[in-house]
Structure formats: structure tokens, C-alpha cells
Amino acid sequence: MLKIILLAMLFPGLGCAETINGRVVSIADGDTLTILDSSNRQHKVRIGGIDAPERTQDFGERSKSHLAAMAFSQQVTADCPKSDRYGRLVCKVTVSGNDVGLAQVRTGMAWWYREYSKEQSPEERTAYEQAEFQAKIHRDGLWDSKNPTPPWERRRAK
């Protein structure tokens, strides 16, 4: 038992798997939203598997708007295996069974976040990789820019 407690203290993002069902009440950007559950508790959620442009980057506002069009005020299910360093749950979010992270990648409103791909199932990795490839070759969304800068590179530069 002590080993489990020590592991939980060393790795706070592990072991907190939960599923949230609720309505999206806020969209912060193209990969972050807030869900209100049936107990009127709000959950700030980072969509797993993607990284959307920051709001001040090219396509940042379009990415946020696209996510809002899909998810705002909608009933969602969020499968959340972990939390991030900011205390947000990191989740696969679905609306009517459709993966909103995958939709963001497919339309060129987010990058597939390869650094965390090992956290996805093999099927999800394949779907996200193919979606990003198709968005690139069709020059959808941010891929229509000459040199789209991934948000993780921008954050690293700061």
C-alpha cells in the first residue's frame, strides 16, 4: 500500500482515470474546454492527442471557433486517463461518439501531438496520423500557411 501512495505522490497524473459526462460550458482555445457535469461541477479539460495553435498564433482563433462549433453547449463524454502539470484533465472528448480532437486535426485546426502518441491506442495513432497527413496534402486550415509553427516550438522559444 505504501508503494502505491509513493507512486501517486511521485506521478500525480497517473491513476486518476475518470469519465466525465456533461455539457461544454466554455472553450478556452482550440484544445481546452470546460465541462459542467450533472453535479454542477466544472472540469477544465485539455484534449489529449492534439496541440492547437495558441490564441495569438495564426489560426488560433479559427481553431477555437471550430472547436466551439463542434462542442459548445453540447453533451460530451470525456475519458480522462491523467491530468497535466496545470491541473487540467487530459481527455479524449467525444460528441455523439465523434472524437473532437481527431476532428480538429482532420480540419487542420490542430497538430497531432506526436510527443504523447504513446498514450493513444494504436488505432487512434493511425487515425490521427492519417488525418494530419490528409490535412497537410489538402492544405486545410493551418496547413495553408507557408510555415505553420507548432505551439510546442513557440512555447520552447519563449
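How many helices and strands does the secondary structure of the protein chain come to? Colour the chain by secondary structure and you can find five helices and eight strands; helices (H or I, at least four residues) and strands (E, at least two) are DSSP runs, numbered from the N terminus.

Before moving on, a word about the model. It is predicted, so local features need pLDDT of at least 70 and side-chain atom pairs count only at pLDDT 80 or more, while totals for chains, interfaces and linings use all residues. Residues are numbered from 1 along each chain as its sequence is written, and side-chain values use heavy atoms, with hydrogens and water left out.

Now trace the chain from the N terminus: the elements run α-β-β-β-β-α-β-β-β-α-β-α-α.

Next, select Trp-111. At 6% relative accessibility, Trp-111 counts as buried (under 20% relative accessible area, with exposed over 50% and partly exposed in between; 1.4 Å probe, protein chains only). Across the chain, 43% of the 158 residues are buried too.

Trp-111 and Trp-143 form an edge-to-face aromatic pair, 5.9 Å centre to centre with 70° between the planes. Rings of Phe, Tyr and Trp (its six-membered ring) pair if their centres lie within 6.5 Å; planes under 30 degrees apart count as stacked, over 60 as edge-to-face and the rest as tilted. Trp-111 sits in strand 8 (residues 111-112), and Trp-143 in the loop between helix 4 (122-138) and helix 5 (151-157), 32 residues apart.

Then select Trp-152: its ring centre is 6.2 Å from that of Trp-111 and the planes are at 75°, so this pair is edge-to-face. Trp-152 lies in helix 5, 41 residues from Trp-111.

Finally, show Tyr-113 and Tyr-116 as well: ring pairs link them with Trp-111, Trp-143 and Trp-152 into a cluster.
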